[in-house]
Amino acid sequence: MWRVSDYAFECLVVGAGPAGSAAAIAARRAGLEVLLIDASGKRRDKTCGDGLTPRAVHTLRRLGLESALPGYRNRGLKLHGFGGDVTAAWPDGRYGTVGSASPRVVFDNALVEEAAKAGATVWQDCPATGVDLRDGRIRSVTTARGEVAVKWVIVADGVRSPFGKLLGRTWHKSEVYGIAARSYCASPRSDDPWMHSHVELRDGAEAARAIQPGYGWIFPLGNGTVNLGCGALSTDARPARVNTKKLLVQYAAQQREAWGLGPEQDVASALLPMGGAVSNVAGPNWALIGDAAACVNPLNGEGIDYGLETAVMAVDLIAGAGKAADLTLAWPLALREAHGEAFSLARTAARLLTYPQFLPLAGPMAMRGLGGRYLMPAAARLMGNLVAEEDKDLVARAWRAAGRVAPRGGVLWGVD
Ligand SMILES: Cc1cc2nc3c(=O)[nH]c(=O)nc-3n(C[C@H](O)[C@H](O)[C@H](O)COP(=O)(O)OP(=O)(O)OC[C@H]3O[C@@H](n4cnc5c(N)ncnc54)[C@H](O)[C@@H]3O)c2cc1C
């Protein structure tokens, strides 16, 4: 029987991570009446490296959200391993040269507050649990507070995307995905203005131990602590057989002296869908953004920047849409146009890293001599989500050098 909904909003945003809050803010600025809901409460934490690339800082500035940024600033990446160290400053391009880092508990809450200030209605501790879907169009969403009738829905419910699943979102693990763990450690080097990555990650203290297909990171936070973590890349065909929490403890022990590290606190691990490897990301009046749409760089696991960007893109599409507009094909197309090439490139490079024989061979070559001068700054651009024209050729050559056939297209926001 038809029942009148308890509430009605022009735009419902499901999930108040960086992507959802940015979408709520952009939608308010576009004049929409917005409800932003999140399953968790105010002090929600998100397992993350907390690093903000210049791309992320750029979008925050575009949205007038500089107040959500902490005072801490970083200048780029320092890569270490295979007997070399390479410093790669953020390139002076369209996004600027300023990066940052902020613990997610602080950052996410700041963005939710900005959404409320922008005029969005915010309900926390309020999961979306059901949907009234007719011909693919969402009529209303069931939430813990009641049923909400909607015109548009932006789904930003993160890596597992439980609400997205109700809409048919499918994650393809045959493509590269990440497994990662993070911790917080006190360190006297918390103000160090560089994000550090150790690309030679071994699963033990001795040099003879196996090299893992991933990397460790230390991201200073400017607040007396650093975010220390490690991640590995995996596919269904070549699963990374690694316990990331255990590896994190070993990595922290290896770095303890250099960084004056205190004990690892709040160790947590999580999965990362990457490089657009999900399908069914849109319907007539709904679109998945951020992690829900696997908008994460396959090389480094960074996704806050893409979360913020896809939020703005989705709202632009909705706000510009006429009555007959349908996002079912328009949204995946927009994602492919904006990020398809960079994601395919990074996914190709990332897939190389899942071959156990690649890193021990390529690592020393890349970090030393000419490789250090040319290859690693390019890797830093890829890792910093700042792909340049010349990098396309470089990845293609690396792929061929590794004896692989031409890179596959793979799933990129397809429609099943
Ligand atoms: C170990 C690790 C390290 C990382 N390091 C970095 C890094 O340094 N820099 C970077 O840029 N990225 C990093 N990432 C990726 C980054 O964390 C994500 O890309 C980012 O959080 C995506 O934001 P989001 O808003 O899409 O999703 P999320 O931040 O996951 O937010 C999703 C929100 O949806 C809510 N939700 C879920 N289900 C429902 C429901 N049914 N109803 C209502 N709400 C719901 C959740 O409570 C959550 O608040 C890392 C990831 C991992 C795992």
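This is a predicted model: local features need pLDDT of at least 70, side-chain atom pairs count only at pLDDT 80 or more; totals for chains, interfaces and linings use all residues.
**Figure 1. Cover and surroundings of the ligand.** On its own, the ligand has 1,000 Å² of accessible area, and the protein covers 94% of this. Two or more residues of the shell come from each of helix H1 (18–29), strand S14 (214–220) and strand S16 (265–272). The ligand is surrounded by 34 residues, and the closest are Asp38, Arg44, Gly49, Arg104 and Asp291. By class, the shell holds 16 nonpolar, ten polar and eight charged residues.

**Figure 2. Crossing of helices H2 and H6.** Helix H2 spans residues 54–62 and helix H6 spans residues 304–319. Their axes come within 8 Å of each other and cross at roughly 35°. The crossing of H2 past H6 is left-handed.

**Figure 3. Residues in the contact of H2 with H6.** From H2, the contact involves Arg55, Ala56, Thr59, Leu60 and Arg62. H6 contributes Asp305, Tyr306, Leu308, Glu309 and Val312. The residues of this contact comprise five nonpolar, one polar and four charged.

Conventions:
Residues are numbered from 1 along each chain as its sequence is written. Side-chain values use heavy atoms; hydrogens and water are left out. A residue is near a molecule or strand if one of its heavy atoms lies within 4 Å of it. Accessible areas come from the Shrake-Rupley method with a 1.4 Å probe; for residues, only the protein chains shown count as cover. Helices (H or I, at least four residues) and strands (E, at least two) are DSSP runs, numbered from the N terminus. Ala, Val, Leu, Ile, Met, Phe, Trp, Tyr, Cys and Pro count as nonpolar, Asp, Glu, Lys and Arg as charged, and the others, Gly among them, as polar. Axes are lines fitted to C-alpha atoms, for helices over the stretch in contact, and angles run from 0 to 180 degrees between N-to-C directions. A crossing is left-handed if the near helix is turned anticlockwise from the far one by less than a right angle, and right-handed if clockwise. Contact means heavy atoms within 4.5 Å.
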